[in-house]
Amino acid sequence: MSLILTDVTLTHPDGDGRLTALDRVTLEVPGGGLTAVVGPSGSGKSSLLAVAATLITPDSGTVAVDGTDTTGLSRGELAGLRRHRIGIVFQQPNLLPSLTAAEQLQVMARLDGRRPRSARGRALELLDAVGLADHAGRRPHQLSGGQRQRVNIARALMNDPGVLLVDEPTSALDHERGAAVVDLITRLTRERGTATVLVTHDRAQLAAADRVARLHDGRLSPPDPAG
Ligand SMILES: Nc1ncnc2c1ncn2[C@@H]1O[C@H](COP(=O)(O)OP(=O)(O)OP(=O)(O)O)[C@@H](O)[C@H]1O
């Protein structure tokens, strides 16, 4: 399991010109390890995640997910790749208000046409893995902010992705709950072997990372060992 960005450049329209959001970024994220991406506001962190998630095609450069070069894939092929190989955790959990925690996860499998019974089993197993075995029947308003983010993380793992992309998962949480969520992401990364990218503003979270990549004005310094 791996994610490899090679020489990725991404520009956005900016008045009469173009703004370079990512400038020849190369990043290799091996499976089983947590790579943190840090940088000031506007440095390109969200752009990097969007390109890694194959939601935006870069102007140049390549993105390889689990060894598959995504360059030139059709929209349908990219959608399939995202569904099966990539898990995304956004800042806000975006859970559906009327569904229980287990159902939030089962929806993912149903979208994929899998049997309801096996989806339920997997949903319960994942809720157990994130410490919510006793909360499977609760709806979002019956969960705390930290618990909702755990459901969000479990949902991202539902289709057993090789790549896990996590965007500021603790921005809505206090320090203690935020640290618990990062510990959880670290543990799941090691246990499941995912190639995980964690975008964060919080320097305290860098201690959990295996590597830290620093973005500045769209340019990436080579990852250094965290610590
Ligand atoms: N859709 C867009 N159109 C035009 N410019 C954009 C677009 N998306 C991002 N940008 C610009 O690209 C640069 C990088 O933005 P990006 O959101 O990737 O940074 P970031 O590090 O995630 O910032 P933040 O921490 O504030 O979320 C910024 O200058 C931003 O204004």
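**The packing of H5 and H6**

Modeller: In this predicted model, helix H5 passes helix H6 in a right-handed crossing. H5 comprises residues 145–156 and H6 residues 175–192; their axes lie 10 Å apart and form an angle of about 20°. Because angles under 35 degrees count as roughly parallel, H5 and H6 are described as roughly parallel to each other.

The contact itself can be listed residue by residue. From H5 come Gly-145, Gly-146, Gln-149, Arg-150 and Ile-153, and these meet Arg-177, Ala-180, Val-181, Leu-184 and Ile-185 of H6.

The wider setting is as follows. The protein contains six helices and 10 strands. Its C-alpha trace spans about 50 × 40 × 35 Å along the principal axes. The radius of gyration is 17 Å, which agrees with the value near 17 Å that a compact globule of 227 residues would have. Of these 227 residues, 40% count as buried. Among the contacts with a separation of 6 or more, 69% are made by residues 24 or more positions apart.

Helix H2 covers residues 75–85 and includes Ala-79. Ala-79 counts as exposed because it has 12 C-beta neighbours inside 10 Å. Between Ala-79 and Ser-171 there are 92 residues in sequence and 28 Å in space, C-alpha to C-alpha.

Most residues other than glycine have a negative phi. Asp-7, however, has a positive phi, near 55°. Asp-7 belongs to strand E1, which runs over residues 2–14. With 12 other C-beta atoms within 10 Å, Asp-7 is exposed. Arg-24 likewise has a positive phi, near 50°, and is part of strand E2, residues 17–30. Arg-24 has 14 C-beta neighbours inside 10 Å and therefore counts as partly exposed.

How values were computed
Residues numbered from 1 in each chain as written. Predicted model: local features only at pLDDT ≥ 70, side-chain atom pairs only at ≥ 80, totals over all residues. Helix = DSSP H or I, 4+ residues; strand = E, 2+ residues; numbered from the N terminus. Rg over C-alpha atoms; globule rule 2.2 N^0.38 Å. Buried ≥ 20, exposed ≤ 12 C-beta atoms within 10 Å, placed from the backbone. Contact = placed C-beta atoms within 7 Å. Axes fitted to C-alpha atoms, helices over the stretch in contact; angles between N-to-C directions. Parallel < 35°, antiparallel > 145°, perpendicular 65-115°, else oblique. Left-handed = near helix turned anticlockwise from the far one by under 90°.
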